[in-house]
Amino acid sequence: MQDRTLSRGPVLHALQALRAIVLRELYKFSQQTGRVVSALVRPLLWLAVFAAGFRNVFGVAIVEPYDTYIPYDVYIAPGLVGMVLLFNGMQSSLAMVYDREMGLMRLLLTAPLPRPWLMFSKLCATAVLSVLQALAFVVLAALLGTALPLWSPAGLHALLALMAGALMLGSLGLLLSVHIKQLENFAGTMNFVIFPMYFLSTALYPLWKLQESGAEWVYQLARFNPFTHAIEWLRFALYGKDPGLSPWVVLGCAAVFFTLACWGYDPQRGFGGLTKRGAA
C-alpha cells in the first residue's frame, strides 16, 4: 500500500501542475477582453464580408468531401476555424516570449517537474484556449447563416481533428518562441509564418483549383504545408469522410515541433545555453 501511495504521488503532482497551468492561462485569457474580441472578429469579418461578397460568384464543384455543390462561405468556414487555431497558436508564442522577458518562464521551468511535462502543460493550455475560441466562432458563424455540421454524428471525429490541429499549431508556437529573443522581433517573424501558412493552404481554395490555374509551385507548397492537412482533416471529418494521410501529417508535425521546442528550452543545448553565451 505504501509503495502504491509513493508511486501515485508524482503522478498527482504532475496532474496538479497541468491543471494549475491550464487554469492560469484560462483565467488570464478571460481578463483580456481585447484578445477575446479580436480572436473572433478577425474570422467573422472574413466570413461576413469576404465570403459573403463572393457567395454568389464562387462555388465549389462536387468534389470530396462534399456530396453536393456548396457555396463559397461553406467551403472556407473550416479554413476560418483553422485561422482561429493558427492565430491563437502564434499568440501563445508571443505570451511565451513575454513571460521569458519578465522572468516568469524561468520560474516555471525551474519547478521540480520534468521540463517536457511543463512544456506539455503550456501546450495543453494553448490547445484548450484554441478549441474554445474555435467552437465560439462556429456558433457565431451559424448565427450568420453558415452552419458547419459539427454537431452531426461525425462531430467527435471533427473535435478530435480540431484538438490535433490546435496541438500542432501550439507546438509550432512553442518552437518559434525559442528563436524569438525579443518582443520587438515578434511581428516580423509572424509575418513570415502566419500569412504563408494560411494563404498557401486549402483554407481559401481547393488544391485542384491551384493546379488547374497553372500555379504549380503554389500547388506543391500547399500540398506540403502542414496547415493544409489540419484544414483537410477537419473538413473531411465534418462530413464523415476519410481524411487520408492528413491525420498522420498533423500528429507527426505536432510531435516534431514539440520535440524541437523541448530541445530548444533545454538549458544545456537550447534557450538556456544561448542565453548564457549571449550574456557572456
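1. The largest cavity has a volume of about 100 Å³. A cavity is here a set of points, on a 1 Å grid over the protein atoms alone, where a 1.4 Å probe fits but cannot get out; the points are joined across faces, edges and corners, and the volume is the space filled by probe spheres set on them.

2. The structure is a predicted model, in which local features need pLDDT of at least 70 and side-chain atom pairs count only at pLDDT 80 or more, while totals for chains, interfaces and linings use all residues. Residues are numbered from 1 along each chain as its sequence is written, and side-chain values use heavy atoms, with hydrogens and water left out.

3. Which residues line the largest cavity? They are E25, R35, N88, Q91, S92, A95, M96, K122, A125, T126 and L129, a lining residue being one with an atom within 4 Å of a point. The largest share, five residues, is that of α3. By type, the lining comprises four nonpolar, four polar and three charged residues; Ala, Val, Leu, Ile, Met, Phe, Trp, Tyr, Cys and Pro count as nonpolar, Asp, Glu, Lys and Arg as charged, and the others, Gly among them, as polar.

4. The chain contains 13 helices and two strands, assigned as DSSP runs (helices H or I, at least four residues; strands E, at least two) and numbered from the N terminus. Of its 280 residues, 48% are buried, that is, under 20% relative accessible area with a 1.4 Å probe and protein chains only. The accessible surface of the chain is about 14100 Å², and 69% of this belongs to carbon and sulfur atoms; the areas come from the Shrake-Rupley method with a 1.4 Å probe.

5. Among contacts with a separation of 6 or more, 77% join residues 24 or more positions apart. A contact means heavy atoms within 4.5 Å.

6. V22 belongs to helix α1 (residues 2-30) and has a relative accessible area of 15%, so V22 is buried. Leaving aside residues up to four places away in sequence, V22 touches S121, C124 and A125. The C-alpha atoms of V22 and A125 are separated by 4.4 Å, although these residues lie 103 residues apart along the chain. A125 is also one of the residues lining the largest cavity.

7. Is L113 buried or exposed? With 15% relative accessibility, L113 counts as buried. L113 sits in the loop between α4 (104-109) and α5. Its contacts, not counting residues up to four places away in sequence, are H13, A14, A17 and L118. A distance of 8.8 Å separates the C-alpha atoms of L113 and P10, which are 103 residues apart along the chain.

8. In helix α10 (residues 216-223), the buried residues are V218, Y219 and A222. They cover an arc of only 100° around the axis, and therefore lie on the same side of α10; the arc is that of the directions from the helix axis to the C-beta atoms. An α-helix has 3.6 residues a turn, so residues three or four places apart point the same way. The buried residues of α10 pack against α9 (207-212) and α11 (226-238).

9. C253 is located in helix α12 (residues 246-264). Beyond residues up to four places away in sequence, C253 touches M168 and P226. The C-alpha atoms of C253 and L167, 86 residues apart along the chain, are 9.7 Å from each other.

Conventions
On a 1 Å grid over the protein atoms alone, a cavity is a set of points where a 1.4 Å probe fits but cannot get out, and a pocket is an open set with protein on both sides within 12 Å along at least five of seven lines; lining residues have an atom within 4 Å of a point. Buried means under 20% relative accessible area, exposed over 50%, partly exposed in between (1.4 Å probe, protein chains only).
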